[in-house]
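Q: I'm new to reading protein models, and I'd like to learn by asking about one feature at a time. Can we go through this one together?

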Amino acid sequence: MSLWDGISPVLTGCLPLGEAVPGLGARVLLHAGPAFDGPDAMPRPVVNAAVAAVLAEGWAGSPEAAERMIRAGEVALRPAQEVGVVTPLACVASPTMPVLVVEARGLKAFSPVSDGALDGALRFGAANPAGQVARIGEMAAMEGPLRVAIGAGIALMPLMSQAIAAGDDLHGSVAAMSAGLADRLGMSGAAEAYARMPLFALNAVMAAAAVMLKAGAARAPEPMVMAAGGNGVDFGWMTSDAPGVWQVRAATTPEGPRMDGGAARVLPAIGDSAVIDALGLGGPILRNAPALREALAAFHGAEVFEASPAFLAPHPELPEDIHLGCAAARLGQHPGIMLAMLGAEGEGLVGRGLAGWPGA
């Protein structure tokens with residue numbers, strides 16, 4: 001049996017985070033990457049998202065009070081991947097926030113429902129508490145329609161394969177994947193409009209990658225990366241020979257085209273979406289994504305667009321030249337992680353680029 005035979009992710013549900021992760025605890029928020037060295041180590045974009053989540057949960061009555069609670073440690077912040085959740089960029093997940101459920105071979109992974117377009121999106125970490133609280137309300141309103149539309153389950157790998165053929169890398173570009181998933185969901189009205197917003201499918205792909213890494217690690221012929229993410233300060237990963245143990249390095253900064261003319265300082269790598277690239281999609285398959293390859297060519301050498309020997313085996317539902325599963329011993333040959341760029345002081349989205357794997 002090949003490494004990836006029978007490992008095919010299925011979107012199976014949508015429910016509040018507190019139900020998906022029983023025993024999460026009161027006043028807990030989940031963030032991307034490894035743990036912070038205390039509340040004061042959190043970068044501004046994560047603080048901004050956490051403030052909005054605290055307000056949406058009703059734990060504080062003003063942004064100032066919410067930030068005081070966070071700084072005082074009255075709200076616990078935990079790495080999302082330690083409880084089976086993956087969250088994008090600076091987005092934090094709170095107990096009432098709806099999450100997608102993706103399963104493969106009896107395992108599950110969760111990711112928040114997309115927080116939508118640029119204005120009000122938590123993941124970009126801008127200081128916009130009113131807009132972000134409103135967006136959390138819109139996310140919550142999607143729970144019921146999504147649960148009904150998902151029904152008995154939606155196989156994600158066929159949609160992912162079609163999206164790659166259409167030019168997606170499934171991280172920096174998920175346009176074809178989002179369109180395919182929206183078509184498959186078949187919703188109408190406001191729910192359909194929400195599902196057709198840019199990057200809607202990214203969180204489903206993140207959960208798919210996370211559950212595939214868990215399932216693949218259980219049968220990999222050598223130690224394999226099974227979790228990865230950045231918190232805007234540090235970048236961490238776990239391997240199948242030491243599950244639950246973060247290997248932590250200073251996060252690298254993505255390099256690529258800017259939207260702001262270079263005015264803002266770019267936050268180092270942030271987001272659990274790095275699981276996509278750890279699996280072998282995203283940055284490792286930029287050769288299959290012409291638009292991204294063209295946009296990044298001026299910033300990176302030709303070698304990052306070539307197939308890397310760091311990955312273990314092809315997946316039977318993907319093109320044969322795409323190998324998945326990063327061997328821990330060959331992390332130095334990982335081509336990099338495709339990421340949005342965030343302004344370090346909360347300026348929001350300022351560009352997109354490729355961040356090198358720390359130490360690679």
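A: Let's start with cysteines: Cys14 has its closest cysteine sulfur in Cys91, 14 Å away, which is too far for a bond. A disulfide is a pair of cysteine sulfur atoms within 2.5 Å. Searching the whole structure turns up zero disulfides.

Q: What sort of model is this, and how are residues numbered?

A: It's a predicted model, where local features need pLDDT of at least 70 and side-chain atom pairs count only at pLDDT 80 or more, while totals for chains, interfaces and linings use all residues. Numbering runs from 1 along each chain as its sequence is written, and side-chain values use heavy atoms, with hydrogens and water left out.

Q: Is Cys14 buried or exposed?

A: Buried means under 20% relative accessible area, exposed over 50%, and partly exposed in between (1.4 Å probe, protein chains only). Cys14 is buried because its relative accessibility is 3%. Cys326, at 0%, is buried too.

Q: Where is Met139 found, and which residues does it touch?

A: Helices here are DSSP runs (H or I, at least four residues), strands are E runs of at least two, and both are numbered from the N terminus. Met139 sits in helix 4, residues 129-141, and is buried at 0% relative accessible area. Contact means heavy atoms within 4.5 Å. Leaving out residues up to four places away in sequence, Met139 touches several residues, including Met97, Pro112 and Tyr194. Met139 and Met97 are 42 residues apart in sequence, yet their C-alpha atoms are 7.2 Å apart.

Q: Where does Ala32 lie?

A: Look in the loop between strand 2 (28-31) and helix 2 (44-57). Ala32 is buried, at 4% relative accessible area.
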